[in-house]
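Here's a quick tour of one protein model for you. Take a look at the sequence and the 3D view, then read on.

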Amino acid sequence: MGANCYYMRFPEGRTKAITLSYDDGVEQDERLIQLMEQYGFKGTFNLSYGCTPPEGVTYEPGRVHRRMPFSWLKRVYASANVEVAIHGLTHPHLERYPASKVMHEIIEDRKGWEEFFGGVIRGMAYPYGTYSDEVVEVLRLAGICYSRTTKSTERFDLPTDWLRLPATCHHKNPRLMELADNFASMEISGEAKLFYLWGHSYEFEGDQNWTVIENFFKRLTGMPDTWYATNIEIYDYIQAYERLYYSSDGQRVQNPSVIDVWLGTRKGEVIYVPAGKTVDLK
Ligand SMILES: [Zn+2]
């Protein structure tokens, strides 16, 4: 068998993954994260450092878009189910800015959140979902690995253009539960699949429909063939898969990365390729 007979599998040989992406660092993220923890979902929260309100901020009654001050952010995003990513320092339409100002928006946002949360922040969602080829180039130079757009594919394909990353759908999509049903019932023998959901948690308050996300979670929770992961976990895993080296006859595979990788065949065999190891495929 040659190398091309193997498909990427997610950790432990799983054939599917689900991830969430929610924007703006609003108060309602706290409830969303509690639900994610309850149902075992993971996801990424995209925050704009320069938009953080002062401690003790109060909002006029009826306002649903309420960004959290720093003290809340530290508490709410401490969850192990959460990745923090950037969303533009001041949440601008980046494509309207000169490249130098785009760089400032990206680097200062990264720097702010990296100092605040620690670690290395490499993910992003475009404010308003808008960008240009020049913006994409600046992101690449600024060390951003992926950036989510607001484009919905209503599909489950693995990402290819990570700096123009589309979603499967927004949670307001009228087909949400139909897509969830399709995803849950798919039997995968070939390419692995990804359900990528995005939105803003304040919309659940504004639309008074927290049941939308809770029903989505209930439908897709605890599936043994599914990996529940943050955006960067999926990115890093796929990078590790793409770095595999095959021997000239395709009979051996070497994993040079620090991430364990799994492969699968159409017949359902699963091959474990541990980090730093070479595995015989015969
Ligand atoms: Zn936003």
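This is a predicted model: local features need pLDDT of at least 70, side-chain atom pairs count only at pLDDT 80 or more; totals for chains, interfaces and linings use all residues.

Residues are numbered from 1 along each chain as its sequence is written.

- β13 (residues 261-264) and β14 (residues 270-273) pair antiparallel over four bridges; strands (E, at least two residues) are DSSP runs numbered from the N terminus, and pairing takes at least two DSSP bridges.
- The hairpin of β13 and β14 has five residues between the strands, and glycine 268 there takes a positive phi near 95 degrees.
- On its other pairing, β13 runs antiparallel to β1 (residues 7-9), with three bridges joining them.
- In that pair, arginine 9 faces tryptophan 262.
- Both faces of β13 are covered, with Val261 and Leu263 buried on one side and Trp262 and Gly264 buried on the other; buried takes 20 or more other C-beta atoms within 10 Å of a residue's own, with C-beta atoms placed from the backbone.

**An open sheet**

- Three strands line up in the order β11-β12-β15, with antiparallel pairing.
- β11 (245-246) and β15 (278-280) are at the edges with a single partner strand each, so one side of each has no neighbour in the sheet.
- β12 (residues 252-254) and β15 share three bridges, and valine 253 has valine 279 as its bridge partner.

Definitions and conventions:
A residue is buried if 20 or more other C-beta atoms lie within 10 Å of its own, exposed if 12 or fewer, and partly exposed in between; C-beta atoms are placed from the backbone.
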